Amino acid sequence: MSETMIELFSAPGAEYRGMPFWSWNGRLEPEKLRRQIREFKAMGLGGFFMHSRVGLATPYLGREWFDCIRASVDEAQKNGLIPCLYDEDRWASGAAGGLVTCDPACRAWILYLHANSGPAHPVSFGFWSARLDGVVARNLHRGEPGPGETRFEIFAEEEPRNAWFNGYTYLDVLNPDAVKRFIEVTYERYKRELGEAFGGAVPAIFTDEPHYWRYANLVPLPWPGAADAPWTPRLPELFRERFGYDLAGHLPELFYDCPERAQSPARYHYWQLLTELFVNSFTRQLGTWCETNRIALTGHLLWEDTPSSQTRCVGASMRHYPWMQIPGIDQLTEYGQLYDACKQLSSAARQFDRPVRISEVYGCTGWDMSFAGYKAMGDWQYALGVNRRCLHLSFYTMEGEAKRDYPASFSPHSSFCNVLKFLEDYFARLGVVLSHGREVRDLLVIHPVESAWILLNRDLSAAQEFDRRLAHLRNLLFDRALDFDYGDEEHLAQFGQVEPGPRLKLGSGVYRAVLLPEMETIRSSTLALLRRFRENGGVVCAAGEAPRRVDGVPHPAALEFWRDLPRGVNAVEPLVRRVRFTTKEGEPVPGLLHQLRESEEGLDLFLCNPGFASEVPDEHRIRCVERRREVPFVAVELFTSRSGFLYELVPESGKILRHPMEKSPDGYCWSTSFKALQSRIFHFSFQEISGAENPEPFRTDFQMELAPREWAISRDEPNVLVLDRAAWTLGEGSRHEPDFILRIDDAVRRALQVPVRGGRMVQPWARRQEAVGHAPLELEYRFDVAALPEGELYLALERPEAWQITLNGVSLENRPEAGFWIDDAIRRLPVPAKLLHCGENRLCLSQEYRSDGAGLEALYLLGEFCVENGALQPLRHTLPPGDWCRQGFPNYAGNMVYRTTFDWNRMEPGRLRLRLGEHGSTALRIRFNGREAGILGWEPWELELGRPVCGRNTLEIEVIGSRRNALGPFFLSEPHPLRFGANEFREYAHPEYRNLTPYGLFTPPVLLWERDGCGVRKDERFL
């Protein structure tokens, strides 16, 4: 590790920091954009991707749009941030918000199989009949069905137009001319508008979720019960040119297993051709254009995760990555461990010299994800090869529907904004280490994606079971601390070589052994390469049964090759083991992830504890806070012939600590441990590092429990009463009983015969001229007051100037001149407290509702009060330990400081440490005697406070909260669903009570004292 590297680890630059999707989701104003960029800088972020999202009102790719782009680039340069582009209106990339697919020649197509006894479809490939048994079609034939048979038609048509693509369709990504048009409309336009900044000050452009199979959830099928598959009009012609036979007669084989056609390679050839077309038409064409124009193509594909999912959507993920200068993946939601997505990415990136790899992360996790969760989601991805994060996302505005676009928001919209730099510093330092040198991986596992091409039918279950078996093998290798790269068979055919050693070389990856997983088919080119490797002394092992197909066709060559191969991983282990993790008894420690890197300065080992007690499926529903496995002892052995010095790098603080180690027969060994979700970085340096510190283990001489009956509290925001349920009257209609405001908005819009709002609505900028629905609307909210609030009182709402507002019959001023709450779209109106009275209070709003407006949203009463059982109560200035939601702050959306004092009369020198008890928080900020002692975001929940003063000492623990309890969603059957999006805010599984996230100090913290020298340990308790 060079001095420069040490300095970089201490203070990482912008390029290693998180770069959020900056959600441009309203009417854009350059000065507001500039202000938000300065806020990004203050939060420790490194840059941003300028990303059109739900709610954009400024015309996409219009004059004002580019004025805003240029202003943002200028402000980013002034603040040392990295501004990057995004190539689409919303997502997936390709349609340019309909500006490309308004041309029918560029639109996506779908192939359908549909039971049909009527006339033929205009683009029909004929009728078939068969005896269907699940996914098996027996006696498949053309013509009329016999007894017990089903007749079906296969046809193709343009993808249905959809509001998601602003009334058009997705792009035909299999058509190079359509993709070329997308480049002209988007990429060429950005280049013209930005000039020298394009590829200079603006170094990258993000392409998001391109795919050749429809979005299952965004594009509903027009044919109920039909099966569908990817298509492009020229596919039959291209298929014949590529394989020498007609596809049309084999189309049923794409959907059904046909025993009479078991020898047919048509399904394999279909997916093979789709993959080639997609890679060459889309990713290669974009990547080549970006390379020529000196800008980096970054982003990720749709469903790149497993063999079956990538087959359906992109063909073979790894084949796209060489064409991306900064390849990436996404890991949305806190659920799921998409280890293979990371391994595919890092393998291809290493093989094709792509040192920077990005993950779009944290999307759909909701407002109440903790720093511990954010860290856990990032750590395992960094262990498996990612070294940059695209944070999903940062709102430009929260007006209207925009606030429900897959929160949270990495911006001042979140209550954690003032401590986010702690998290960003952590990942920036980790990124520095994991960008230095190169990964060490000597084992190549042949990736079996083409086997999924054989297995995939309309049922998917066989292909998904194959996914699980591959995942089990991968997890076995991880548990044995045998790191590996995947090798794609197309890449092996083009770039695989056998070198002396023997070594198998794939691009820049060099391997000492090869492992064959279970496969359904293998390429003849792969067999030939592996034969040469074995003939030169290379080791090839089989971890699964031999495939019965070669190049998609039944053939015995693979069975013959497999016959002499060693089984399992034992034969490769001596050649590829570089590290070992064992218990005190010498048994392997499973469940740890690691990455080993080497450079001229030394070896870096990153170790990650994902926190699982046992192997879990890739798709699981275990929240980060539930992953509680600790590893109290691990013996780490590093196999190296070099001499050196061992250090632990602490990414939370930037410290470099000397770490003891011992010589072992094959290298060095040392011990360590892991709390739940904890990770560690060890640096084996070939040279001694000046300035490194000696570790100072803390030895507790005595401890004191801080257990005041009541903590003094203070808040950084007013308390909140959510008003989201109202009685309503539309026009001359009858009065409706109270309902939730989003349901009222939907009902009003249906009554006006206009589309309801939602995450899939046509963008405001793209809406055609249409008649505006409008009608008088009255809303009546009722709330109880048990005690009049102290101090100022405000009503927070959107567009208050559009409403006439009365409280208990008295008009309120509707001019928004009292600032805002959370977002500048949510304006504050002063409410004279004298207008309230004990008992029931009535708040009435009326306006001419217009369908072209922002719609109806919740109201918020803000002030110095508590809320119990839905009624305003006297404000509490102290709280006992426990959940603040149950103590008068159920909807509070800010942070709360817990304050106590204690007396100290010990004179001897020593150190004081704080150990937190149970608590609910996003993070914690600690102050001791008026000085900030530090921030805690995850285990271990301990912090050194320094030396107390003689006499009275003050400890303040700031509990960082979240917006969840004010903004929702509140009524979910599962409080933490797979994803948080617009639909989840419209679920009302239990309207009688609200899902609330608990916050506060639940059990007493403990002060630990270590005095200089030896002493007798004892326990004390302060009340």
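The model is predicted.

- P940 belongs to the loop that runs between strand 55 (931-936) and strand 56 (942-946).

- N139 has a phi near 55°, which is positive although the residue is not glycine.
- This residue, N139, is part of strand 6 (residues 136-142).
- The relative accessible area of N139 is 39%, so N139 is partly exposed.
- W303 is another residue other than glycine with a positive phi, here near 50°.
- W303 is found in the loop between strand 10 (296-300) and helix 7 (307-313).
- With a relative accessibility of 32%, W303 counts as partly exposed.

**Helix 2 against helix 3**
- Helix 2 (residues 30-42) packs on helix 3 at an angle of about 30°, and the two axes are 9 Å apart.
- The crossing of helix 2 past helix 3 is right-handed.
- Helix 2 contributes P30, L33, R34, I37 and R38 to the contact, while helix 3 contributes C68, A71, S72, D74, E75, A76 and K78.
- Sorted by class, the contact between helix 2 and helix 3 contains six nonpolar residues, one polar residue and five charged residues.

**Helix 3 against helix 4**
- Helix 3 (residues 63-78) and helix 4 (residues 176-194) have axes 11 Å apart and pack at an angle of about 60°.
- Helix 3 is therefore oblique to helix 4.
- Helix 3 passes helix 4 in a crossing that is right-handed.
- On the helix 3 side the contact involves W65, F66, I69 and R70, which meet R189, Y190, E193 and L194 of helix 4.
- By class, this contact of helix 3 with helix 4 has five nonpolar and three charged residues, and no polar ones.

**Cysteines**
- How many disulfides does the structure hold? The number is zero.
- A disulfide is a covalent bond between the sulfur atoms of two cysteines.
- For C342, the closest cysteine sulfur is that of C608, and at 11 Å it is too far for a bond.
- C342 is buried, because its relative accessible area is 0%.
- C844 is likewise in no disulfide, and the nearest cysteine sulfur, in C838, is 19 Å away.

- E360 lies in strand 12 (residues 358-361).
- Is E360 buried or exposed? E360 counts as buried, because its relative accessibility is 3% and the cut-off for buried is under 20%.
- E360 and R389 are 29 residues apart along the chain, and their C-alpha atoms are separated by 6.0 Å.
- Leaving aside residues up to four places away in sequence, E360 touches F21, F206, D208, H300, I329, D330, Q331, L332, C390 and H392.

Note on methods: Residues are numbered from 1 along each chain as its sequence is written. This is a predicted model: local features need pLDDT of at least 70, side-chain atom pairs count only at pLDDT 80 or more; totals for chains, interfaces and linings use all residues. Side-chain values use heavy atoms; hydrogens and water are left out. Axes are lines fitted to C-alpha atoms, for helices over the stretch in contact, and angles run from 0 to 180 degrees between N-to-C directions. Helices (H or I, at least four residues) and strands (E, at least two) are DSSP runs, numbered from the N terminus. Angles under 35 degrees count as roughly parallel, over 145 as roughly antiparallel, 65 to 115 as roughly perpendicular and the rest as oblique. A crossing is left-handed if the near helix is turned anticlockwise from the far one by less than a right angle, and right-handed if clockwise. Contact means heavy atoms within 4.5 Å. Ala, Val, Leu, Ile, Met, Phe, Trp, Tyr, Cys and Pro count as nonpolar, Asp, Glu, Lys and Arg as charged, and the others, Gly among them, as polar. A disulfide is a pair of cysteine sulfur atoms within 2.5 Å. Buried means under 20% relative accessible area, exposed over 50%, partly exposed in between (1.4 Å probe, protein chains only).
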